[in-house]
Amino acid sequence: MKFVIDSAIPYLQGVLEPYAQVVYLPGREIGAADVRDADALIVRTRTRCDASLLSGSRVRMIATATIGFDHIDLPWCAAQGIEVTTAAGCNARGVLQWVAAVLEALSRHQGWTPKQKTLGIIGVGHVGSLVKSYAELWGFRVLCCDPPREERERCGFLPLEEVARKADLVTFHTPLDATTRHMGNKTLLRQMKPDAVVINSSRGEVVDNEALYASGHPCVLDVWENEPDLHPGLLERALLATPHIAGYSQQGKANAAAMSIAALARRFALPLDGWYPSEVTPSAPCPISWERLGSTIRDAYDIEAESRRLKSHPEDFETLRDHYAYRKEYF
């Protein structure tokens with residue numbers, strides 16, 4: 001057997017070698033010749049998995065160590081009998097802590113408390129549900145929008161336009177698909193309060209970057225259209241800017257690696273059931289007060305220093321991302 005793995009995915013070196021030939025390559029450099037005789041791939045968003053990469057190969061499984069799957073042509077893979085698995089939920093708590101760092105920094109610099117603000121959450125899945133729970137604990141008024149969940153479950157979530165009109169901060173936590181591409185468009189942005197903050201840590205294309213820039217809205221962005229070529233005006237105006245690392249915690253990356261290994265172990269009958277990186281301690285979720293958050297978050301994660309690095313050297317976007325010092329989850 002042969003497995004091709006994105007070399008930027010941590011914790012995997014040596015795990016599969018006893019059972020297969022393993023080739024590690026930078027995600028952007030994985031090409032058709034590399035995968036032609038491969039049985040499975042473990043990738044990130046930087047590898048576009050479609051006919052141009054996979055046609056004529058013997059690949060039977062793609063495990064993406066990401067929550068998103070917009071880099072994979074799912075209909076084409078299904079038609080070819082290629083199984084696709086994701087690491088959905090793997091980094092939800094890491095993204096939660098990125099959002100917490102954002103909210104704490106904004107409150108400190110803008111001089112408000114959670115009780116004075118309405119937080120709109122667009123997408124209430126793995127990440128959005130955590131943000132909702134903690135934001136309510138901290139005292140925010142929380143408004144949620146998730147049309148697919150509302151249709152299935154009748155949760156009482158609000159229409160997108162209503163959340164946009166009423167929220168002081170709007171944070172996006174949706175997958176990228178045909179229904180969410182440019183969800184944050186010119187029309188929606190016009191319905192928001194002029195000083196409402198747009199926060200996006202989902203996918204860059206969920207918010208129309210040109211429309212966001214033209215709107216004048218303050219923003220906090222972890223994801224960008226056309227990465228790694230960032231919109232220079234948005235980068236300059238962003239209150240905080242980070243290089244697509246919101247979910248880059250030790251535990252999030254370990255979870256993604258473990259979920260990818262579990263998928264391959266199941267498909268290829270490998271004796272790796274229950275594998276988890278020995279060097280990582282799994283997170284121990286717990287509530288945290290707004291006061292304790294304010295006194296601890298900057299020691300755990302200095303988002304302002306990270307923003308200054310990206311703003312000073314946007315050309316280092318991929319380097320900052322690929323050589324990131326993973327944060328430890330602490331709540």
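Select Arg46 to begin: at 14% relative accessibility, Arg46 counts as buried, where buried means under 20% relative accessible area, exposed over 50% and partly exposed in between (1.4 Å probe, protein chains only). The model on screen is predicted, so local features need pLDDT of at least 70 and side-chain atom pairs count only at pLDDT 80 or more, while totals for chains, interfaces and linings use all residues. Residues are numbered from 1 along each chain as its sequence is written, and side-chain values use heavy atoms, with hydrogens and water left out.

**Salt bridges**

Glu227 forms a salt bridge with Arg46, and their closest N and O atoms are 3.1 Å apart. A salt bridge here is a side-chain nitrogen of Lys or Arg within 4 Å of a carboxyl oxygen of Asp or Glu. Glu227 sits in the loop between strand 10 (219-221) and helix 10 (232-237), and Arg46 in the loop between strand 3 (40-43) and helix 2 (51-54), so the pair ties together parts that are 181 residues apart in sequence. Helices (H or I, at least four residues) and strands (E, at least two) are DSSP runs, numbered from the N terminus. Glu227 is also buried, at 15% relative accessibility. Now show Arg28 and Glu318 as well: Arg28, Arg46, Glu227 and Glu318 are linked in a network of salt bridges.

Next, select Glu304 and Arg108. Their salt bridge has its closest N and O atoms 2.8 Å apart. This pair links distant parts of the chain, with Glu304 in helix 13 (residues 303-312) and Arg108 in helix 4, 196 residues apart. Glu304 counts as buried at 16% relative accessibility, whereas Arg108 counts as partly exposed at 32%. The count for the model comes to 19 salt bridges.

**Pockets**

A pocket is found on a 1 Å grid over the protein atoms alone, as an open set of points with protein on both sides within 12 Å along at least five of seven lines; a cavity is a set of points where a 1.4 Å probe fits but cannot get out, and lining residues have an atom within 4 Å of a point. The space in the second largest pocket is about 330 Å³; grid points are joined across faces, edges and corners, and a volume is the space filled by probe spheres set on the points.

Which residues are closest to the centre of the largest pocket? Select Ile67, Gly68, His173, Thr174 and Pro175, out of 47 lining residues. About 960 Å³ of space lies in the largest pocket. Helix 6 gives the largest share of its lining, four residues.

**The nonpolar core**

Select Leu16, Trp98, Trp138 and Phe140. Of the 69 residues in the largest nonpolar core, these touch the most other members. Such a core is a set of buried Ala, Val, Leu, Ile, Met, Phe, Trp, Tyr and Cys residues joined through side-chain atoms within 4.5 Å. Helix 4 (residues 92-110) gives the most to this core, with eleven residues. Apart from it lies another core, of 30 residues, among them Leu160, Ala167, Val206 and Ala211.

**The largest cavity**

Finish with the residues that line the largest cavity, including Gly94, Gln97, Tyr301 and Arg327. The largest cavity has a volume of about 60 Å³. Helix 4 and helix 12 (290-300) are the elements that give two or more residues to its lining.
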